[in-house]
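Biologist: Before we discuss this model, I would like each label to be set against its cut-off. Could you take me through it that way?

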Amino acid sequence: MKEKPVLRVTSKLLIPPIMLFALYVQFHGDFGPGGGFQAGVIFASAFILYALIFGVDVARRIVPAWVSRAGLSIGVLLYAGTGVAALFGGGNFLDYSVLAHDALHGQHLGINVIEFGVGTTVAAAMVTIFFTFASQSPHDPEDLRDEDDDADFDDDFDDDLDDLIASRTMSQGLSQAGGAGGREAR
Amino acid sequence: MELAVVIGMLFFMAAIALAIIWVRNLFAVTMLMGIYSLTAAALYVALDAVDVAFTEAAVGAGISTVLMLATLSLTKAEEKPFRSIQHPVSLAVVLVTGGVLIYGTLDMPAYGDPDAPIHQHVAPRYVQDSGQEVGPPNIVTSILASYRGYDTMGEVTVIFTAAAGVLMLIGRGRSGPGRRRKTWDYEDLEGDER
């Protein structure tokens with residue numbers, strides 16, 4: 001990680017605009033393309049980029065497991081809760097028209113709330129899935145070490161493809177996570 | 001002109017799909033799948049479906065590629081060669097199924113036909129009345145969030161279930177078998193870095 005200053009600096013420059021763009025997509029979704037789903041994915045990609053460059057364990061300190069798991073549930077609860085609130089307001093389930101003094105305002109409020117719920121769940125789900133996958137250590141490192149395939153993989157592509165740096169940075173995180181076994185596998 | 005662009009992109013996508021089948025290096029396959037998704041996103045833009053294009057670019061070309069890379073770091077970089085089974089019956093089944101599918105498309109309305117059934121049912125009401133009934137200028141948002149609110153709630157629940165399933169299968173839970181696979185802790189990591 002320490003020897004990749006370009007990746008570190010550019011990723012730190014990129015992450016705030018990515019998050020800002022996600023918020024724009026989230027709250028501008030009723031005027032332009034976008035909405036909760038896309039915004040959630042973009043917001044999660046900021047954390048995933050951070051995890052790719054700095055390692056999953058460092059990123060997990062920013063988004064601990066309980067945060068992403070809570071976000072996962074809170075989004076669905078917000079969505080379904082809006083439906084129940086409409087029931088209490090005298091309408092049908094998810095009928096937002098009764099949420100405010102007139103129907104259009106109610107619809108606007110309801111759509112914004114449920115889109116925020118969608119965004120929360122999607123962002124938390126993407127972060128959860130990626131972090132869970134990336135913090136796995138290879139099940140049998142011995143099995144991988146003896147394969148020539150892996151050596152080819154490293155030699156052929158290491159210099160050519162920048163994208164591989166990302167996956168290798170991730171595997172550095174993995175080898176940290178996996179301890180000595182993971183490191184031997186490389 | 002637009003039709004030519006669409007057809008060209010469809011051919012390009014078919015070529016990428018064939019390349020995905022041929023190439024054995026899984027890293028290259030992952031990148032090709034990202035390119036496929038990006039081409040699909042461009043195709044959706046050409047078809048004026050910007051919301052779908054947005055999703056395809058973010059999910060298909062972005063997150064999926066990263067998830068594939070994460071999986072790739074757990075497995076080998078080269079696909080195992082398999083014994084090719086060439087059986088005439090399998091070929092016949094595939095050809096007949098493909099032929100029937102193509103025959104099925106002959107009934108479909110022409111590309112861009114305004115009289116197609118899909119444009120006759122509820123679409124006119126969405127286009128004409130959603131401004132008064134729901135409000136947002138983006139009709140797609142009105143449909144997804146309000147007219148089809150149930151469907152979207154189901155989709156969110158599906159995403160929730162997917163993440164919960166991943167957590168249950170391979171996550172390090174507070175209890176259960178994942179607990180035993182714990183191979184690190186923060187103190188070790190900090191010592192390692194300094």
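Biologist: In which helix does Leu3(B) lie, and why is Leu3(B) called partly exposed?

Modeller: Leu3(B) lies in helix H1 (residues 2–22) of chain B, helices being DSSP runs of H or I with at least four residues, numbered from the N terminus. Its relative accessible area is 43%; buried means under 20% and exposed over 50%, with partly exposed in between (1.4 Å probe, protein chains only), so Leu3(B) is partly exposed. This is a predicted model, in which local features need pLDDT of at least 70 and side-chain atom pairs count only at pLDDT 80 or more, while totals for chains, interfaces and linings use all residues. Residues are numbered from 1 along each chain as its sequence is written, chains are lettered from A in the order in which they are written, and side-chain values use heavy atoms, without hydrogens and water.

Biologist: How do you know that the span of helix H4 (residues 65–88) of chain A agrees with its 24 residues?

Modeller: The expected span is 1.5 Å times one less than the number of residues, which for H4(A) gives 34 Å, and the end C-alpha atoms are 34 Å apart, so the two agree. H4(A) is followed by Gly90(A), whose phi is positive, near 100 degrees.

Biologist: Which residues touch the most other members of the largest nonpolar core?

Modeller: Tyr79(A), Phe130(A) and Phe131(A) do, among 45 residues; such a core is a set of buried Ala, Val, Leu, Ile, Met, Phe, Trp, Tyr and Cys residues joined through side-chain atoms within 4.5 Å. H5(A) gives the most to this core, with 13 residues.

Technical notes
Helices (H or I, at least four residues) and strands (E, at least two) are DSSP runs, numbered from the N terminus.
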